[in-house]
Amino acid sequence: MLLTMAPAAHAAPVDTMTKPIYQVANPTTNASIVTPWSDEATSAAKYGYSTKLGTPFKASTTKQTGLTAVHRLFKASTGDFQETLAGSTAFSTAIANGYADQGARFYALAAAQTGTQPVYSYTKSGKHRLATAATAASLTGWTRGAIAFHVPSAGTTVPVPPVTVPPAGASESFTIAVIPDTQQETWSDTDTRLADRSTWLVNNATKLNLKYVTHIGDVVDWGNAAPEQYTRAQKGLAPLKGKIPYSLTIGNHDTAAVCQGGSACPGVNTNLAVRDTKAFNTAFPLNTFPTIKGAYEPGKVDNTYSTFTAAGQKWMVLNLELWPRQGAIDWAKKIVAANPDHNIIISTHAYLNGDATISTSNGGYGATSPKHLYDTLIKVYPNIKIVVSGHTGTAATRTDTGTNGNKIISLMQTYHSRTTNPVRLITINVANGTLKNWVYAPKTNETLAPETTTTGLNFTR
């Protein structure tokens, strides 16, 4: 796997568990959330999870030999979350009792080994919480249950594994990068996260065999009202220029529909204002992107297509406006149909919801919905392979089957981070028909979303 937090080949499983795991609780309901992502722990406060319980243990955010996935389960009727090992009795019991599986969150040991400690599952009035022996003292009135999994002992020195990047290898494998919403990275002149991410991508382009970078929109927050945000965005993306082909997608915050503070402009016809992208196009004119081959509207980057070659195949990135107008969709259909020998990657700001479903909303001021886009464009053409988006949620993955039997993988990455600079890395192997992807943050050197793999993909040759 390219650029994952992989341990050296000789490392024992305990040595791979280096990521602090956060736990936050709702003081009213006693429900708690356990997460390896600091952003999720912070944003959970909006939903009542305001009590910070620290980082009681460490685990791995990537799948490693000897480790087992710890899944998050949720029961809507009681508002309870619990984290259990995949395949365990606790997992099966929870599912039987009405809990829904929300997928793997991190990886830990199913059995003890030298240098580990147990993490126990505690319950109180139908709520679950995790604790080690060292952190259980504060759980007054809670009942200790079975061992949930094992993690490094508090006194164990766990080396931080190096980022390992194998050579680019065979020509059939390459990487594209997806930059999520960066609006909060343009608030201050002293925030270097956007430039740091761009520089990191350039510095690692050869090792990753990085062929293309796309941004899924909300490049700025309220650039129409604060032009300095565009200046910061230009500076932050400048390291890519002439180094790696890249393109930008229009988000709602990149339009005149959003005013000071990041909310929809009061008293403005937002249906019209969301298509006012003059400021964006002034900051990033078409000639900024030499790989662009065509645009829906002359002189505007709102709807464009770019091409590149990788692994001996032809590829196209189709950047579409959010909640697109039917005219833009019809234009896109013509472009896709005219290029059946290209593998198509669609980049549009709003597509997946946070739960990985395709949105049926026009956002309140768009022309159409993502579901309409899927029905009229994405599922129709066999050479459409990937859809990337942002706007809402944190990160999600979805696989659909198109009308022609082709697999379509959709990846949502948003984050709205105030502390780090996520980027999704997508490694495609055309010979094996596989797509691996994960989210990495160069600033904090952490994996924010673990690797997932899609198999059985057929790429146009």
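Q: What volume does the largest pocket have in this predicted model, and which residues are closest to its centre?
A: In this predicted model, the largest pocket has a volume of about 1500 Å³. Of the 42 residues that line the largest pocket, Glu40, Ser43, Gly393, Thr394 and Ala395 are the closest to its centre, and the elements giving two or more residues to this lining are helix 1 (38–43), strand 7 (100–108), strand 19 (395–401) and strand 23 (446–454).

Q: How does the lining of the largest pocket divide by class?
A: The lining of the largest pocket divides into 15 nonpolar, 18 polar and nine charged residues.

Q: What makes up the lining of the second largest pocket?
A: The second largest pocket, with a volume of about 250 Å³, is lined by 20 residues, and Gln82, Thr84, Ala90, Ser121 and His128 lie nearest its centre. Strand 6 gives the most to this lining, with five residues, and by class the lining has nine nonpolar, nine polar and two charged residues.

Q: Why is helix 3 called roughly parallel to helix 5?
A: Helix 3 (residues 193–203) and helix 5 (residues 228–237) pack at an angle of about 20 degrees, with their axes 7 Å apart. Angles under 35 degrees count as roughly parallel, and therefore helix 3 is roughly parallel to helix 5.

Q: Which residues make the contact of helix 3 with helix 5?
A: Helix 3 contributes Leu194, Ala195 and Ser198, while helix 5 contributes Arg232, Ala233, Lys235, Gly236 and Leu237. The residues of this contact divide into four nonpolar, two polar and two charged.

Technical notes:
Residues numbered from 1 in each chain as written. Predicted model: local features only at pLDDT ≥ 70, side-chain atom pairs only at ≥ 80, totals over all residues. Heavy atoms only, no water. Axes fitted to C-alpha atoms, helices over the stretch in contact; angles between N-to-C directions. Helix = DSSP H or I, 4+ residues; strand = E, 2+ residues; numbered from the N terminus. Parallel < 35°, antiparallel > 145°, perpendicular 65-115°, else oblique. Contact = heavy atoms within 4.5 Å. Nonpolar A, V, L, I, M, F, W, Y, C, P; charged D, E, K, R; others polar. 1 Å grid on protein atoms, 1.4 Å probe; cavity = no way out; pocket = protein on both sides within 12 Å on 5 of 7 lines; lining within 4 Å. Points joined across faces, edges and corners; volume = space filled by probe spheres on them.
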